[in-house]
Amino acid sequence: METPAIKTQGLTRCFGALTAVQDVTLTVASGQFFGFLGPNGAGKSTTIKMLTGLLEPTSGTIEILGKPFGANALELKRQIGVVPEGMALLGRLTAPEYLRFVGRMYGLERETVNRRTEELLEFMQLANERRKLITDFSHGMQKKLALAAAVIHGPRVLFLDEPFEGVDAIAAGMLKTMLQGMINRGATIFLTTHVLEIVERLCSHVAIIHQGRLVANGSIEDLRAGVASTLPGTESEQRLTLEEIFLSIVGAGGQESPQELSWLA
Amino acid sequence: MAGLAQVDEAPSISPGALGSMARRQYAALLAMRWRMVVNSVRSVQGAFELGARGVAFIIYSIMGLGLGFGLGASAYYSMISSGHAQLLSFLFWAVFLVWQVLPIALASFQEQFDISGLLRFPVSFRSFFLLNVVFGLVDVPALLGGICCLGILTGVTLARPDWFGRAVLVLAVYAIFNIVLARMVLAWIDRWLAKRRTREIVSAIFLVMMLSLQLLNPALHSGVHYQHPNHAAAKRNQQEYWKEMKPWAATAQRIEPWTPPGMAGDALTQPQIAITPLGMLGLYILTASGLLALRLRREYRGEKLSDSPAARNRNPNDTKWLIDGSGPVAAVIEKELRMIPRSMPLLFAMGAPLVTVLIISTVIRNAALGLRPFELAFPLCVCYALLGFTQMIFNNLGAEGTGIQMLFLSPTPIRTVLLAKNLMHGALYLIVASLAGAFAASRLGQPDLLLLAMTAAWVLFALPAHLAAGNILSLTMPYRVNLGRISRQRGSQASALISMLVQVVVMGCGIVVFELCIHFHQRWLAVPSLLVLAGLAVMAWMRVLANADRLANRNRDNLIATLAKTE
């Protein structure tokens with residue numbers, strides 16, 4: 001059996017009395033495009049931070065590419081790429097300077113760094129902005145740069161936290177092509193986003209986290225079948241969208257509708 | 001793009017802090033820092049900031065050279081005078097204070113690179129540790145401490161050229177100890193201030209320390225009285241004082257050789273036993289390194305201080321307002337009132353001058369020994385309390401962060417926001433100044449009514465002058481502030497320099513008025529003179545407020561870019 005790219009067992013993170021992530025156990029197979037979904041504050045970013053070594057779990061274990069994270073953090077960090085929640089860019093550098101910095105931090109040869117920097121700038125359509133400081137970039141441009149920095153060392157596992165937020169449709173299309181290309185070459189992608197259409201189109205497997213707990217995990221088809229069987233009156237030929245599956249699982253349908261804000265115009 | 005998803009043949013990973021991978025990372029960091037400096041000159045503010053850093057460097061170097069010269073001369077004197085070699089320990093104490101006290105005092109004004117941002121890269125723990133220590137070498141206390149050590153080295157070598165090798169070794173070990181200790185202290189303080197429970201413990205210790213200092217002086221001078229205005233009585237008092245101090249001095253003498261400065265002094269002056277104190281110093285370095293490593297290890301493994309919820313559990317239905325009224329001034333004051341108690345660095349900044357006032361007033365009183373302390377001691381103690389408000393007043397939008405956009409979007413004029421902040425900070429200053437006055441009075445004696453009036457008039461002048469200058473600087477030279485941390489702040493040297501200049505000018509005006517009036521035996525004249533200055537300062541403050549929106553709009557892009565956009 002092939003070694004899973006990501007494997008967690010009983011992953012838990014507490015902040016004082018608050019348990020942000022509780023007992024999350026999941027396995028992401030190598031080469032999978034994995035969607036990690038959940039409402040705001042469900043624990044998605046906390047989970048990604050733990051999986052990438054930026055946050056220490058309170059309990060539980062993490063294995064990336066078959067190796068426990070704690071003991072092999074250094075080696076594993078070279079094989080993963082991350083677009084973190086806040087993008088973690090250095091505003092007072094230009095895009096080429098930043099990419100070169102990141103490439104060298106991953107120990108790449110100078111020529112490789114320079115070549116990939118140019119390729120990534122071209123690909124991300126940032127080549128014409130090479131003299132502009134990152135702080136002056138638009139949000140979408142910063143997202144593209146953060147993604148370029150996350151892949152410059154050719155990671156085997158890529159963690160993306162809301163990568164398409166603020167990115168224009170043309171760039172989003174190119175990014176999807178690039179990510180699909182990475183999957184074809186054997187990389188694994190762990191994606192969180194609120195844009196469920198993207199997940200539906202790209203991801204083969206999905207996990208849903210709600211209030212810190214994993215409430216669903218499997219292929220989209222499995223989840224669809226599972227939800228359809230619980231919904232009365234759903235015809236077998238009626239194909240549920242991921243949005244319907246998501247809303248059904250996180251229980252939005254069961255919640256009382258919020259009071260109407262009658263003072264709004 | 002074909003290379004993606006293929007991990008390159010990078011150098012093999014070795015945990016060493018000097019391996020090939022680590023060396024590449026250091027080179028990348030160096031290049032990145034250099035590019036940041038070069039890029040900062042693109043904007044006028046950046047160029048000004050760089051210039052200010054140059055000026056600050058020169059000022060600090062001159063201060064350091066002065067200190068270094070003094071310490072060098074003292075070291076030379078202690079070496080050539082027989083029986084005074086043990087004085088070297090005192091010089092090491094001076095270096096120790098410079099290196100350990102200044103980092104906390106200057107933390108808010110210096111730009112410090114937050115190395116925790118490097119943890120997403122494959123940086124080994126040893127490299128992370130080394131980088132943390134190395135970044136401690138490029139700050140002002142290290143510059144001053146280094147010059148002080150060089151001063152001592154020069155003094156010792158001039159007196160005893162044959163001691164050069166030993167002096168280099170001892171001073172190098174002592175410098176390493178100070179660097180590691182300073183980094184360790186800052187790392188732990190940040191940790192303690194991030195969590196509510198430890199923050200409360202630190203606050204309690206701070207309070208106990210203040211009370212202890214308050215009680216220390218009466219304890220040391222239980223039988224000494226200061227009502228003798230003549231020299232004979234003063235001399236008698238002095239003898240009594242030293243008699244009472246003798247047991248304390250004896251205890252200090254027993255403990256001092258075991259402290260790091262004492263060890264360094266012994267290692268230098270007693271060649272026959274030098275190995276033992278040097279070994280002990282090494283042990284101190286190991287202990288400090290161990291404690292620093294313990295803290296950094298947690299950070300390296302993914303501890304996020306800012307992610308620790310600090311607030312108490314409150315009743316969600318508790319919507320009680322601190323200040324009545326729904327106007328924007330009340331709203332801003334309420335926001336400030338809720339934010340300031342949650343920021344330990346701000347509370348420390350306000351409280352620390354009170355401790356210093358206690359110490360300074362005690363020193364002034366002891367130095368006077370029975371004679372009347374000098375006239376300006378009381379007002380100087382009161383105005384010293386203003387130092388704690390430097391960051392709050394001169395960068396009053398710094399803590400807004402992305403909230404600055406909301407201030408621009410809301411229909412409330414910036415003028416109103418600044419007015420509310422000024423009222424809040426002014427009220428806080430009056431409370432702290434009253435406490436400083438009470439502390440100073442308890443040590444220096446009750447000031448007469450005229451001195452009290454002079455001090456009040458000076459405060460009435462200093463406060464609006466500071467607020468006016470503070471509002472201008474806040475709008476034109478803002479810098480982002482993390483209210484949860486003492487170290488690793490962004491800081492602005494330009495803002496720090498200008499605010500220092502304003503403080504010196506305001507304080508200087510007060511001193512000149514005081515001195516002139518005392519010189520011409522017309523002390524009463526100081527009050528109306530300072531009130532005139534106060535009137536002018538109030539007019540300046542109101543004028544700045546009136547133009548605040550124009551100034552804010554002119555600097556809107558810079559304000560938003562600095563406070564809200566990517567760091």
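In this predicted model, helix α3(A) and helix α1(B) cross in a left-handed sense. The two elements, of which α1 spans residues 20–40 of chain B, pack at an angle of about 160 degrees, with their axes 8 Å apart. Since angles over 145 degrees count as roughly antiparallel, α3(A) and α1(B) are therefore roughly antiparallel to each other. On the side of chain A, the contact is formed by E97(A), F101(A), R104(A) and M105(A), which meet R24(B), Q25(B), A27(B), A28(B), A31(B), M32(B) and R35(B) in α1(B). Sorted by class, the residues of this contact between α3(A) and α1(B) comprise six nonpolar, one polar and four charged.

Helix α3(A) also packs within its own chain. This helix, which covers residues 95–105 of chain A, lies against helix α5(A), residues 139–151, at an angle of about 25 degrees and with the two axes 9 Å apart. That angle makes α3(A) roughly parallel to α5(A), and the crossing of α3(A) and α5(A) is right-handed. Here A95(A), Y98(A), L99(A) and V102(A) of α3(A) meet L145(A), A148(A) and A149(A) of α5(A). By class, the contact of α3(A) with α5(A) has seven nonpolar residues, with no polar and no charged ones.

Backbone torsions were examined next. In general, most residues other than glycine have a negative phi. In chain A, L65(A) has a positive phi, near 50 degrees, although the residue is not glycine. L65(A) is located in the loop that runs between β4 (59–64) and β5 (67–68) of chain A, and with 18 other C-beta atoms within 10 Å it is partly exposed. Q125(A), likewise a residue other than glycine, has a positive phi near 60 degrees. The position of Q125(A) is in the loop between α4 (110–123) and α5 of chain A, and Q125(A) is partly exposed, having 14 other C-beta atoms within 10 Å.

In chain B, helix α16 comprises the 31 residues 414–444 and reaches 43 Å from its first C-alpha to its last, a span close to the 45 Å expected at 1.5 Å a residue. Helix α16(B) is followed by G445(B), a residue whose phi is positive, near 95 degrees.

Terms used. Residues numbered from 1 in each chain as written. Chains lettered and ligands numbered in written order. Predicted model: local features only at pLDDT ≥ 70, side-chain atom pairs only at ≥ 80, totals over all residues. Axes fitted to C-alpha atoms, helices over the stretch in contact; angles between N-to-C directions. Helix = DSSP H or I, 4+ residues; strand = E, 2+ residues; numbered from the N terminus. Parallel < 35°, antiparallel > 145°, perpendicular 65-115°, else oblique. Left-handed = near helix turned anticlockwise from the far one by under 90°. Contact = placed C-beta atoms within 7 Å. Nonpolar A, V, L, I, M, F, W, Y, C, P; charged D, E, K, R; others polar. Expected span 1.5 Å × (residues − 1). Buried ≥ 20, exposed ≤ 12 C-beta atoms within 10 Å, placed from the backbone.
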